[in-house]
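Work through these exercises with the structure open. Try each task before reading its solution.

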Amino acid sequence: FFLILYFIFRTIGRTTRISKNIRRWKKMRRYRKARQLTNYGLCQLAEGDWQRAEQTLIKAAQITKSPLINYLAAARTAQAQQAYERRDNYLRQAHMTTKGSGIAVGLTQAQLQINSKQWEQALATLKHLNRKDPHHRYTLKLLMTVYKQLHDWAQLQKLLPSLRKYKVLSGNELTLLERKIYRALLAEAYQKDTTTLIETWKAFSRHWHHDIELIRAYTHYLIAHREDARAIALIENILKKQWDPVLVENYGLAHGAMPAKQLNSAESWLKKYPQESQLLLCLGRLSIRDKLWGKAQEYLTDSIQLAPTTAAYKELGTVLEALNEKEAALKVYKKGIEQTDENCH
């Protein structure tokens, strides 16, 4: 009786072990198949066979233990086929089937939305991710990209402290971006009114009040808004410390209340920069404003000899017309048009 019981229990134990081994073997076989299908699907994706890659990857996702990669890759295949609804569905499944994948899935979704130029959707996705993890560098970088595309310079300005704090950009890249933002903000303010333009400039940190590119833009906008006195004072102050031909050009375009004084200031620069064609053009314009025709003709002729420009020819033509030299003026205007054509070519 004991032997019979022994053999019965031993047979049951062996049968149970065999059953477990069979189940384990089937499980391992399924995982191997899922891995092979995943690899095959990724190869198809790399080869650009979008439809087959999608089918293979989803088939593998249904039998694999970790379907995250499959769903993310399948979302890329759907994106390539412009099947945005399927793409978003795969991303949802990736998020539901894998715990802790929220950031990875969200960033993939945002990147795909950016690639398909769905800027508003990408912005919503990235804002959600940024609230969940404000320190994530790649999220900040993508947010920066989207704000730039949307020309949302005010929001991009608010993002600057985080970009700096978490070293998303190098120092030089950050400087270039910051300058671009402030130039865009000045351009937006210029489109509104003079008060907004001035207040926008004042809001910039003092460091940027010495940036030549921003000063060029700001003084140009001030002159366009008839704030010539403010532009003249700023240009004179900057040129005492740093010479800049563009600011000199802006100075010549500014209509100050005392043109004679403005002309004297510009003539004082000529001693130090006698070969600056832009300064000679500026002096020519200021002499015209003061109706000093002979002096204007001399300055403009010297400017053209150094660097012939359409602007200098045009101003010289104005002087010759004032001197009643109509024929000479026509010849000068013609040369100015020819100069424009050369510049276009």
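A crossing is left-handed if the near helix is turned anticlockwise from the far one by less than a right angle, and right-handed if clockwise. The model is predicted.

**Exercise 1. Overall shape**

Task: State how many helices and strands the protein has, then set its radius of gyration against that of a compact globule.

Solution: 
- Step 1. Count the elements. The protein has 18 helices and zero strands.
- Step 2. Take the reference value. For 345 residues, a compact globule would have a radius of gyration near 20 Å. The protein has 36 Å.
- Step 3. Check the dimensions. The C-alpha trace spans about 135 × 40 × 35 Å along its principal axes.
- Step 4. Look at burial. Of the 345 residues, 40% count as buried.
- Step 5. Look at contact range. Take the contacts between residues at least 6 apart in sequence; 49% of them join residues at least 24 apart.

**Exercise 2. The α10 and α11 pair**

Task: Describe how helix α10 packs on helix α11, giving the angle and the axis distance.

Solution: 
- Step 1. Recall what is needed. Two packed helices are described by the angle between their axes and the distance between the axes.
- Step 2. Locate the helices. α10 covers residues 194–203, and α11 covers residues 212–224.
- Step 3. Read the geometry. The angle is about 160 degrees, and the axes lie 11 Å apart.
- Step 4. Classify the angle. Angles over 145 degrees count as roughly antiparallel, so α10 is roughly antiparallel to α11.
- Step 5. Assign the hand. α10 passes α11 in a left-handed crossing.
- Step 6. List the contact residues. From α10 come L197, I198 and W201. They meet L214, I215, Y218, Y221 and L222 of α11.
- Step 7. Sort them by class. This contact has eight nonpolar residues, no polar and no charged ones.

**Exercise 3. The α15 and α17 pair**

Task: Repeat the analysis for helix α15 and helix α17: which angle, which distance, which residues?

Solution: 
- Step 1. Locate the helices. α15 runs over residues 277–289 and α17 over residues 310–322.
- Step 2. Read the geometry. Their axes come within 10 Å and cross at roughly 25 degrees.
- Step 3. Classify the angle. Under 35 degrees counts as roughly parallel, so α15 is roughly parallel to α17.
- Step 4. Assign the hand. The crossing of α15 and α17 is left-handed.
- Step 5. List the contact residues. α15 supplies L281, R285 and I288. α17 supplies A311, A312, E315 and V319.
- Step 6. Sort them by class. The contact of α15 with α17 has five nonpolar, no polar and two charged residues.

Methods: Residues are numbered from 1 along each chain as its sequence is written. This is a predicted model: local features need pLDDT of at least 70, side-chain atom pairs count only at pLDDT 80 or more; totals for chains, interfaces and linings use all residues. Side-chain values use heavy atoms; hydrogens and water are left out. Axes are lines fitted to C-alpha atoms, for helices over the stretch in contact, and angles run from 0 to 180 degrees between N-to-C directions. Helices (H or I, at least four residues) and strands (E, at least two) are DSSP runs, numbered from the N terminus. Angles under 35 degrees count as roughly parallel, over 145 as roughly antiparallel, 65 to 115 as roughly perpendicular and the rest as oblique. Contact means heavy atoms within 4.5 Å. Ala, Val, Leu, Ile, Met, Phe, Trp, Tyr, Cys and Pro count as nonpolar, Asp, Glu, Lys and Arg as charged, and the others, Gly among them, as polar. The radius of gyration is taken over C-alpha atoms; the globule rule is 2.2 Å times the number of residues to the power 0.38. Buried means under 20% relative accessible area, exposed over 50%, partly exposed in between (1.4 Å probe, protein chains only).
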